[in-house]
2 protein chains.
Amino acid sequence: MTAQEASARIQNGDRRALARGASWIEAQSDAGHQLLRLLFPRTGSAKLIGITGPPGAGKSTLADQLAKTIRMRAQTVAILAVDPSSPFTQGAILGDRIRMQDHHADPGVFIRSMASRGKMGGLASATLEMALLLDAAGFDFVLIETVGVGQGEIEIARLADVTVLVLVPGMGDDVQAIKAGTMEIADVFAINKSDLPGAERLEDEIRMMQSLGGHDQRRDAAPLRRVVASQAQGVESLLEVIEQVFAQRSRESARVDAWQIRLREMAEERLTAALPEPTLNQHAVRIAAKMEDPYTAVDAILADLLK
Amino acid sequence: MTAQEASARIQNGDRRALARGASWIEAQSDAGHQLLRLLFPRTGSAKLIGITGPPGAGKSTLADQLAKTIRMRAQTVAILAVDPSSPFTQGAILGDRIRMQDHHADPGVFIRSMASRGKMGGLASATLEMALLLDAAGFDFVLIETVGVGQGEIEIARLADVTVLVLVPGMGDDVQAIKAGTMEIADVFAINKSDLPGAERLEDEIRMMQSLGGHDQRRDAAPLRRVVASQAQGVESLLEVIEQVFAQRSRESARVDAWQIRLREMAEERLTAALPEPTLNQHAVRIAAKMEDPYTAVDAILADLLK
């Protein structure tokens, strides 16, 4: 299949072509980039919803239930399960696929798992590209599910229109750990397993952090919903609040900002690749021998490279 | 004080000039870079020893005791306490200074704390530059103490000739967490607080990880020493093993490698700074409006920049 053919078929709703395109993107192949160039004008209509939170928060179950709720509205949904936590997670990804197989006959649901391939930047790139692909394929919603909480999640959250931070009662000091840097990414809080003891306390803690300025003061405090994803409780209400937040956000300016940051990253990746290793090595040898200082070396390297 | 003057004074052992130079470097000022260009030919004689490990492992106390042991040999030592864990640590840094004040009248000991300023790469740069400054100032040893365990520590460890990973008994599952990516950086293990229960178990766990290939197979397994830094127990033996590892390592080739990586980072920082934000913004607007795809945009941006 050529990128041209894949593009045409994907626009016609061909799920096998879509899966092929997703594999190209995951492999970061030329065909994948060619496909995205072709499909790019078709992007921009999907709602990209990030679902993030610490391990064990039930993000997958919640994504599954949100997907069911979206389907009940006769809208379509893709789930992109991103797992930056490396080799050990193959089991979890397999688990996702098995768990979700009740959707499998439904062409209105598409599920794709992505594992980490090396560095975080690469994963954020591939995730954005995969989200663009699913957007161009015509899904109304793309749920981007990320395991763990860290720099990678923050990057991925930036790609989403609305980010849901999923927390569970009884995490104790973990809330403190999550606080730094991650609370800010939440557009909506979901307290999952809220039938467990401690849901009230967790809600209080989140409210307190919000009142202490743990969120972007230019925005309203992120709304919060309690859910029990395993019993589908509260999921409709959560979807409604996600839609409300989506409607309130200035999508165009947010997308320009996101693209500006993303373009910088893409350009940096290319610039980095343009630095010739043999030249670096020659200078490193001279520096180690004290024949040159590193600042002079960098000046020389850049003079060769830049206009 | 000009960079020229500072350079001359630092080479004459003037500690006030050294403190001034350190402030320039911490501020990433032009004077600091000028100073380093001047001093660079004088670097290369200090032994750079990294002291890293999780919070609470007693790294500062151990660095303090190592410094005392070095002074007993009539050699000089600088301690560079690097804390990438942001605002909250001002207290800890102040604490370092108070703790170390018994050295204060001794010109053979120099202590400097550095807090994180924004992104990790910046901290690693500033740390290397500070280590070069202390090296050029003629200290026999530079102890680079880093709080926490993460990407930043790995970068900083690469700068050191020998890295000591400090662990303490009773960390439980934390050893597992540390394992991934951090065990490899240890040239020497120090089990601190080894009078506590669990020291034997921790030693066994480290040995087991080493036998499972948790270290670079091209090298011998990193030696291990038990210490009780607060009582100065085992510190002389630890310093001896650090010296042995130092003597065994092929310093020249390691330094060429480290400089090659470092040059790449320095060049990347400069390339990154060369990307014009207004141009990125113009393209981002076009992308958000679907008038251009991001791949074409990056091609255009780079065509303007590169030779």
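1. In this predicted model, helix α2(B) contains a set of buried residues, namely A17(B), L18(B), R20(B), G21(B), A22(B), W24(B) and I25(B). The length of α2(B) can also be checked: at 1.5 Å a residue, its 12 residues should span 16 Å, and because the C-alpha atoms at its ends are 16 Å apart, the expectation and the model agree. Beyond the helix comes Q28(B), a residue that follows α2(B) and has a positive phi, near 50 degrees.

2. The next point concerns the packing of this helix against its neighbour. Two packed helices are described by the angle between their axes and the distance between the axes. For α2 (residues 15-26) and α3 (residues 30-39) of chain B, the axes come within 7 Å and cross at roughly 120 degrees, and the two helices are therefore oblique to each other. The crossing in which α2(B) passes α3(B) is left-handed.

3. Which residues of α2(B) and α3(B) meet? On the side of α2(B) they are G21(B), W24(B) and I25(B), while α3(B) contributes A31(B), G32(B) and L35(B). Sorted by class, this contact has 4 nonpolar and 2 polar residues, with no charged residues. Three of the residues named here, G21(B), W24(B) and I25(B), are also among the buried residues of α2(B).

4. Turning to the contact between the chains, chain A gives 40 residues and chain B gives 41 residues. On the side of chain A that touches chain B, at least two residues are supplied by each of α3 (30-39), α11 (251-274), α12 (277-288) and α13 (294-305) of chain A. The largest share of that side, 15 residues, comes from α11(A). By class, the residues on the side of chain A that touches chain B divide into 24 nonpolar, 6 polar and 10 charged.

5. Two loop residues deserve a careful look at the backbone. A232(A) is not a glycine, and yet its phi is positive, about 60 degrees; the residue lies in the loop between β7 (224-226) and α10 (235-248) of chain A. Is A232(A) exposed or partly exposed? With 16 other C-beta atoms within 10 Å, A232(A) is partly exposed.

6. In chain B, K290(B) likewise is a residue other than glycine with a positive phi, near 60 degrees, and K290(B) is found in the loop between α12 (277-288) and α13 (294-305) of chain B. Because K290(B) has 12 other C-beta atoms within 10 Å, K290(B) counts as exposed, the cut-off for that class being 12 or fewer.

Key. Residues are numbered from 1 along each chain as its sequence is written. Chains are lettered from A and ligands numbered from 1 in the order in which they are written. This is a predicted model: local features need pLDDT of at least 70, side-chain atom pairs count only at pLDDT 80 or more; totals for chains, interfaces and linings use all residues. Two residues are in contact if their C-beta atoms, placed from the backbone, lie within 7 Å. Helices (H or I, at least four residues) and strands (E, at least two) are DSSP runs, numbered from the N terminus. Ala, Val, Leu, Ile, Met, Phe, Trp, Tyr, Cys and Pro count as nonpolar, Asp, Glu, Lys and Arg as charged, and the others, Gly among them, as polar. Axes are lines fitted to C-alpha atoms, for helices over the stretch in contact, and angles run from 0 to 180 degrees between N-to-C directions. Angles under 35 degrees count as roughly parallel, over 145 as roughly antiparallel, 65 to 115 as roughly perpendicular and the rest as oblique. A crossing is left-handed if the near helix is turned anticlockwise from the far one by less than a right angle, and right-handed if clockwise. The expected span of a helix is 1.5 Å times one less than its number of residues. A residue is buried if 20 or more other C-beta atoms lie within 10 Å of its own, exposed if 12 or fewer, and partly exposed in between; C-beta atoms are placed from the backbone.
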